[in-house]
Amino acid sequence: MRIRVLGSSGSEVPGHNPPAFLVDNFLLLDAGTVSLSLDREAQCQITHIFLTHAHFDHIKAIPFLLDNIVSSDQGCQLTIFSGKEVIEDLKRNIFNDRIWPDFTALPNSLHPVMRFQEVSPGEPVAVRGYRVHSTTVDHSVPAYGYLIENSSKLAVAYTGDTGPTERIWRLMGEHRVKALIIEVSFPDEMLELALASGHLTPSLLAAEIQKMRALPEKIYITHLKPFYRDVIIDQLAKLNRPCLEVLVDGMVLSI
Ligand SMILES: [Zn+2]
Ligand SMILES: [Zn+2]
């Protein structure tokens with residue numbers, strides 16, 4: 001499994017892009033950054049998008065991605081997977097023929113460029129040799145974490161945005177997870193805001209790590225708020241966990 005980090009920031013400033021992880025060139029975990037990072041041919045290769053939740057930083061690139069692939073006229077199609085509430089939010093608030101076109105009817109409703117498919121915890125989705133498991137996490141809106149397992153039963157887990165949580169650690173405990181991508185959005189001084197908005201700080205991450213039955217070989221940190229990036233990195237270093245690594249946009253992970 002090859003994961004290209006298109007974006008790993010909790011906001012957007014030059015050099016730091018919203019979350020998007022491209023797996024084997026065809027599967028996206030979140031879609032905060034796509035069309036500014038990939039050429040049109042690479043955009044057309046994306047067939048599956050698994051969204052953690054409907055917050056803008058995680059869906060921002062989808063409208064332009066669809067606009068680019070529908071106008072490429074190559075018959076490219078993609079399916080957006082997420083929980084029921086997330087899909088309802090996208091239909092009602094984004095692809096409603098007002099903010100942006102309803103791409104489930106373009107170029108025509110028989111062969112649309114976009115489809116939606118709901119995921120349910122406990123019902124993994126089979127995708128080109130992978131099994132994608134989902135579970136709910138604890139954010140300020142309905143949100144899902146994912147675990148992608150290959151045919152050798154090795155897995156990568158991604159929390160998306162979450163505060164202190166439980167179910168994804170149980171899901172991870174049932175699989176051989178080589179790498180975890182987890183959010184840490186705020187420094188420890190902003191604990192109150194982190195908890196109120198459903199995010200983690202370095203100290204909260206340390207408590208989440210204690211809940212894991214087995215530690216993954218690597219724990220990659222994402223979603224740092226860019227103005228606090230240096231402080232968060234200092235505080236993460238003090239946790240003294242050699243498996244921790246802060247993601248940088250453009251990195252490629254081989255798992
Ligand atoms: Zn969020
Ligand atoms: Zn976010």
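User: What counts as a strand, and when do two strands pair?

Analyst: Strands are DSSP runs of E with at least two residues, helices are runs of H or I with at least four residues, and both are numbered from the N terminus. Two strands pair if DSSP finds at least two bridges between them. This is a predicted model, in which local features need pLDDT of at least 70, side-chain atom pairs count only at pLDDT 80 or more, and totals for chains, interfaces and linings use all residues. Residues are numbered from 1 along each chain as its sequence is written, while chains are lettered from A and ligands numbered from 1 in the order in which they are written.

User: How many bridges join strand β5 to strand β6?

Analyst: Strands of a sheet pair through backbone hydrogen bonds, either parallel or antiparallel. Here β5 (residues 78–82) and β6 (residues 114–118) run parallel and are joined by five bridges. Within this pair, F81 lies opposite Q117 of β6. F81 of β5 is also the bridge partner of F50; β4 (residues 48–50) and β5 run parallel, with three bridges.

User: What kind of unit do β5, helix α4 and β6 make?

Analyst: A crossover is right-handed if, with the strands pointing away from the viewer, the path from the first strand over the helix to the second runs clockwise. With helix α4 (residues 84–93), β5 and β6 make a right-handed β-α-β unit.

User: In which order do the strands of that open sheet stand?

Analyst: The order of its seven strands is β6-β5-β4-β3-β2-β1-β14, with mixed pairing. At the edges are β6 and β14 (252–254), each pairing on one side only.

User: Which strands stand at the edges of the sheet that contains β7 and β13?

Analyst: This open sheet has seven strands in the order β7-β8-β9-β10-β11-β12-β13, and its pairing is mixed. Because β7 (125–127) and β13 (244–246) each have a single partner strand, one side of each is left without a neighbour in the sheet. Strand β12 (residues 218–222) runs parallel to β13, with three bridges between them, and I219 faces L244 of β13.

User: Is L38 buried or exposed?

Analyst: A residue is buried if 20 or more other C-beta atoms, placed from the backbone, lie within 10 Å of its own, exposed if 12 or fewer, and partly exposed in between. L38 counts as buried because it has 22 C-beta neighbours inside 10 Å. L38 belongs to the loop between β3 (27–29) and α1 (40–44). Its C-alpha atom is separated by 9.7 Å from that of L65, 27 residues apart along the chain.
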